[in-house]
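Good morning, colleagues. I shall present one structure today, and I ask that you keep the sequence and the coordinates in view while I speak.

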Amino acid sequence: MAEKPKLKVVLLTGRTIEQGVGKELGKSTREYVESVSVCYMDPGDMRKLGVKDGVNVQVSTAFGSVVVKAKKSLRAPHPGVIYIPYGPWANVVVDPETHGIGMPSFKGVPAVVEPTDKPVLGLEELLKQQFGKG
Amino acid sequence: MPIVKAVTCPVCGSLCDDIELTIENGEIVKVKNGCAMCEAKFLSHRSEHRIRKPLIRKNGELVKTTLKEAVQRAAEILAEANYPVLYGWSSTSCEAISVGIELAEEVGGVIDNTAVVCHGPSLLSVQDVGIPSCTLGQIRHRADLIIYWGCDPWSAHPRHIERYTAFSEGRFEKSAWRGYIAKIRTLIGRKKIQSTVRRLVFKKPPEIKAQLEPTFVPSIAKEGRKLIVIDVRRTKTAEMADFFVRVEPGKDYELLQAFRALIRDQELEVDSVAGVPVGYLEEVADAMVSCDFGALFFGLGLTMSGAKLRNIDAALSLVRDLNMRTKFVIMPMRGHFNVTGANTVFTWQTGYPYAVDFSLGYPRYNPGETSVVDVLLRGESDAALIVASDPVSNFPRKAAEHIAKNPLIYIGPHMDVTAQVADVVIPSAMVGVEASGTAYRMDHVPIPLKKVVDPPRGVLPDEEILRRILTEVRKIKREKAKAEAA
């Protein structure tokens, strides 16, 4: 079987208006979960990986690995850069290192994206998997 | 139906105070003037995701309990802990924060606010370099050049541009709104013509590449207010800008220092800096020195990436340098509605804006050591009190893991991610909706928050809950001291 393609990228996390609205509606709402369990990708990068809009991808960094839905970025072109909105899914893969000033590295983390058959975990499943509580 | 006018929106640091709410049978049914987040917040006060009863974890499950029992359990956890963490504070009133600091002193813990994972590096740099700033009103009326660096107000502070900067109608500076509409119409017209030519003459399908090319509109020399956006992505805000500079991720520091050189008329001996041709940069630097009143707003794009606080050092120094040529101010885009208030109240009461450690009985401040993420990563804390925040959802996994592992108390209105892994959950009234208080806007202007509807029955404001916990902690400590003396 041919090996699945992988792509080295830089991971950014940040705000989106959907995440902003979702967090105000409540963290357990469908709106919130759907707004933060996604990964915005450059259309060119998506073609390289052979993934389409709405397909699951696995994002891995030195700190963890998480499955999210790939979405075509409306803010393209940004080849080699992926964007996951702030939230429990992004936190699995960001760099906790604070470099002695208290601030972890939420932006600019080297990551690898690959297509996957694994499902995107729901909030409760993710909490159980990460913290064994919830 | 009663309409309440001039309500302050408790969502982001812009604190828009012109919201109109329609109230029907004690519920908010309509929100006028607000952005999407504002509307979601006001309309969510009767949401099914609200916590209505205190909860306590028994045999691994959260079960309903009385407020008295929840307060008692929370006080026991804090009184028994050696080094508890008290975190959050940016989405509650200054009055509640004040009680929180008293509680931190009483239990000898570390108290920190969300600035630590947001504009903490900015505060460190301001302490190093200083900050030439002003109120948002000044910018609205006078600024003729607006720069947004590493921030996307369209997504995070949706009315910032309209109320305070480029699209606001000031006394001395007019709104750039009409120009923006004209520009959009021109671009749409041009695209339509291009697509017609392509279809009729070349008979080709639309090329994706053409759509992906950055739109560069050389309108930096236009009259009136100018908007410059510097970011790693072409955000929605960048699309509104007269000039967009795309910086490579993590290279903001180089770009800031390049601007510092350019505004001193020094020549750069390279073709590009941080992926941007020097020619572009010279044009932007020209716009910076030739404005009458410039304002630079910066966001987490600077504080979270690359050199972190050194980025802010460079940004503050750039603005300091620009003040030798013209009038220029700089302001961080604060996220939570009262994060500025949290820094202010912390400073009044302890001398420091965040990351304050009371474990030795007096306040100590050393971000990197006493900041909450570092305390958690080192695994030093043995309990946590979270107020009006959701660190389990917002901290890196390793830090969140340590919060979830130890006894955890959560005070807040919604069933947030932190609440779901907490051991004691106390519901609180939504500040600015169901409870009044004071909040500080991002320019340090204190603004009163209104109580417009009643909270669910039996639900108290954060301030009152914290007072009850504090009283209970003091009682436990008195009894313990008495028992030890006997």
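This is a predicted model: local features need pLDDT of at least 70, side-chain atom pairs count only at pLDDT 80 or more; totals for chains, interfaces and linings use all residues.

In chain B, the residues B:Cys94, B:Ile97, B:Ser98 and B:Ile101 of H3(B) meet B:Gly341, B:Ala342, B:Val345, B:Phe346, B:Gln349 and B:Thr350 of H15(B). By class, this contact comprises six nonpolar residues, four polar residues and no charged ones.

The crossing of H3(B) and H15(B) is right-handed.

Helix H2, residues 67-80, and helix H20, residues 462-485, have axes that come within 8 Å and cross at roughly 55 degrees. H2(B) and H20(B) are therefore oblique to each other, and H2(B) passes H20(B) in a right-handed crossing. On the side of H2(B), the contact is made by B:Val71, B:Gln72, B:Ala74, B:Ala75, B:Glu76, B:Leu78 and B:Ala79. H20(B) supplies B:Arg468, B:Ile469, B:Glu472, B:Val473, B:Ile476 and B:Lys477. Sorted by class, the residues of this contact are eight nonpolar, one polar and four charged.

Next, the domains. Chain B is divided into domain 1, made up of 49-117, 337-448 and 457-485, and domain 2, which runs over 120-332. Taken over C-alpha atoms, the centres of these two domains of chain B are separated by 38 Å. Twelve residues of domain 1 and seven residues of domain 2 take part in the contact of the two. On the side of domain 1 that touches domain 2, eight residues are nonpolar, two are polar and two are charged.

I come now to the interface of the two chains. How many residues of chain B are in contact with chain A? There are 57 in chain B, and they touch 47 residues of chain A. Helix H18 of chain B, residues 397-405, gives the most to the chain B side, with six residues. That side divides into 29 nonpolar, 17 polar and eleven charged residues.

A:Met103 sits in the loop between helix H4 (88-91) and strand E6 (107-115) of chain A. Is A:Met103 buried or exposed? A:Met103 is buried, because 28 other C-beta atoms lie within 10 Å and the cut-off is 20 or more. Apart from neighbours within four places in sequence, A:Met103 is in contact with A:Thr98 and with several residues of chain B, including B:Val116, B:Val117, B:Gly120, B:Pro121 and B:Thr303. B:Met304 and B:Lys308 are also among the contacts of A:Met103.

Finally, helix H1 of chain A, residues 17-25. Seven of its nine residues are buried, so this helix is largely enclosed by the rest of the structure. The buried residues are A:Gln19, A:Gly20, A:Val21, A:Gly22, A:Lys23, A:Glu24 and A:Leu25. Against what do they pack? In chain A, they pack against helix H2 (30-36) and strand E5 (81-85); in chain B, against helix H1 (36-43) and helix H6 (153-156). After H1(A) comes A:Gly26, which has a positive phi, near 135 degrees.

How values were computed:
Residues are numbered from 1 along each chain as its sequence is written. Chains are lettered from A and ligands numbered from 1 in the order in which they are written. A residue is buried if 20 or more other C-beta atoms lie within 10 Å of its own, exposed if 12 or fewer, and partly exposed in between; C-beta atoms are placed from the backbone. Helices (H or I, at least four residues) and strands (E, at least two) are DSSP runs, numbered from the N terminus. Domain bounds come from an automatic or database domain assignment. Ala, Val, Leu, Ile, Met, Phe, Trp, Tyr, Cys and Pro count as nonpolar, Asp, Glu, Lys and Arg as charged, and the others, Gly among them, as polar. Axes are lines fitted to C-alpha atoms, for helices over the stretch in contact, and angles run from 0 to 180 degrees between N-to-C directions. Angles under 35 degrees count as roughly parallel, over 145 as roughly antiparallel, 65 to 115 as roughly perpendicular and the rest as oblique. A crossing is left-handed if the near helix is turned anticlockwise from the far one by less than a right angle, and right-handed if clockwise.
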